[in-house]
Amino acid sequence: MKNIIIALAFAATAVQAHMQLAYPAPFNATNNPHRDGPADEFLTYPYGCCGRKTPGVCRDYLHLLGTPEGAPTATWAAGSNQNWSITGIGNHYGGSCQIGFSTDAGKTFRVATSYEGNCPHRTGGIETAGQTFDFTVPADLPAGEAVFAWTWINREEEFNMNCAAVTITNGNEDAPTTPQPDKNQDGGNGISNEPMNMDGCTCTCESASTTTDSATRNMKNCDCTCPVTNDSSKDKRSTVPHTHSHPNRHYPFHGVKIHGFLGPQLINGVSSDKPANSKRDTVKVAYNKRPLMLLADIDNGCSTPRTTAELKYPEPGPDVVEGDGEYPLELPAGSCG
C-alpha cells in the first residue's frame, strides 16, 4: 500500500512539473550564478498550476533588472547564430514554443523565432543535451541589456514562460544578410526584378519600390521555380505580399500594455520538402516590426488546440522552425490579438 501511495505521489508531481529554461539561466533559477536566496522551485510549472496564482510576465521577476540578482547570464552578438536550452522532468511529448526579446525592460516582447510543433523535442528526453535549439539573434537588436523570453504551450493547453537577462553586443560577420536589388535592372522607373530564394524556390519578382529592404518592398508578379517532389501538394507554394495591422495587445498582468505592428512581409504557402525542424529561408524584418509573442491559455480569452494538434502561431514572425509533422498544426481560438 505504501508503494502505491508513493507511486501516485510521483505521478502527480510528474503531471504538474514540466520544463524550464536552462540556458540562458533564467531569473532566480537554481543555475543562475547571480541568485541570492532560495531558487524558485516552480519555474518548471505551467502558469496557474497547482492552486498557485497565475504569475505575471516573466513570473514577476522583471523587478530584478538593474540589480545584482538580475545581471545578464549570456552575451550574444546581434545577428549571430546562438542556441537556447531547456530541462525539467516532463516534456509532454512536444508542443510549440516561441522565443523573443524585450528591449524596454519587459513592456514589449517581440518574436525572434517560433517553433511550431515538436518543442520540446518529443524524443529528446528532459536533459539539455536533447533539448537544445538553434536560432539567430535579430541582426538589428540594439546593443545593451535585453530580456530573453521563452514560452511553451503544450497539448494540455498549459502555458509556461521563463525569462533571462542577456547582453547584446554589436553585430558581427555572422549576421544574416538581405538580398539587395540589382541597380542595373531598375531602368529608372522604380521597378526592379530580383532573384530571391523563398521556401526552397528560386523566384524573380517585380518590386514597385526601390527601397533596399526586401521586407518592405511591394512585391508582385513573382515567377518561381520550385524543386519537384514526389508529393504534388508540396509543389504548390504562394509568395504574396502581406500587410497585417496588429491591434493593441494587453497582458492580463498588472495592467502592462503591449503594442505591436507586424509590417509587410513575404508569406510562404505550403511548406517545402525540407527536413523536419529546418529553418525556412526568410526575408529580414526590422526588429520593431516583428510580431509580439503570443500569450494563451492563461484565462485571457485565447485558447490553443488540445490533445490532437499542436499550436500554429497566428503571427509567427519571419523565422519559423517547422516541427516533425507528427501532429497537425492548428491556430488558437478566441481573442488572441
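Cys-302 has 3% relative accessibility and so counts as buried, where buried means under 20% relative accessible area, exposed over 50%, and partly exposed in between, with a 1.4 Å probe and protein chains only.

Before going on, some ground rules. This is a predicted model, in which local features need pLDDT of at least 70 and side-chain atom pairs count only at pLDDT 80 or more, while totals for chains, interfaces and linings use all residues. Residues are numbered from 1 along each chain as its sequence is written, and side-chain values use heavy atoms, with hydrogens and water left out.

Now, confidence. pLDDT is the predictor's confidence in each residue, from 0 to 100. The chain averages 74, and 62% of the residues score at least 70. Residues 173-200 stay under 50; the model has 74 contacts for them beyond four places in sequence, a contact being heavy atoms within 4.5 Å. Residues 207-220 also stay under 50, with 46 such contacts. Where pLDDT is low, the predicted coordinates should not be read in detail.

Back to the cysteines. How many disulfides are there? The count is three, taking a disulfide as a pair of cysteine sulfur atoms within 2.5 Å.

Cys-302 is joined to Cys-336, with 2.0 Å from S to S. The torsion about that S-S bond is about 100°, so this disulfide is right-handed. Cys-302 lies in strand 16 (residues 302-303) and Cys-336 in the segment after strand 20 (333-334), so the pair ties together parts 34 residues apart in sequence. Helices (H or I, at least four residues) and strands (E, at least two) are DSSP runs, numbered from the N terminus.

The sulfur atoms of Cys-97 and Cys-119 are 2.1 Å apart in their disulfide. Here the torsion is about -100°, so the bond is left-handed. Cys-97 sits in strand 4 (residues 96-102), and Cys-119 in the loop between strand 5 (110-116) and strand 6 (132-136). Both cysteines are buried.

Then there is Cys-58 with Cys-163, their sulfur atoms 2.0 Å apart. Cys-58 is in the loop between strand 1 (19-23) and strand 2 (75-77) and Cys-163 in strand 8 (residues 159-169), so the pair ties together parts 105 residues apart in sequence. Cys-58 is buried at 2% relative accessibility.

What does Cys-58 contact beyond its neighbours within four places in sequence? The list is Tyr-47, Phe-109, Val-147, Met-161 and Cys-163. In the largest nonpolar core, of 27 residues, Cys-58 and Met-161 touch the most other members. Such a core is a set of buried Ala, Val, Leu, Ile, Met, Phe, Trp, Tyr and Cys residues joined through side-chain atoms within 4.5 Å. Strand 7 (144-153) and strand 8 each supply at least two of its residues, and strand 8 gives the most, with four.

Six strands form an open sheet in the order 2-8-7-4-5-18, with mixed pairing; two strands pair if DSSP finds at least two bridges between them. Strand 2 and strand 18 (320-322) are the edges, each pairing on one side only. Strand 5 and strand 18 run parallel over three bridges, and Ser-114 has Val-320 in strand 18 as its bridge partner.
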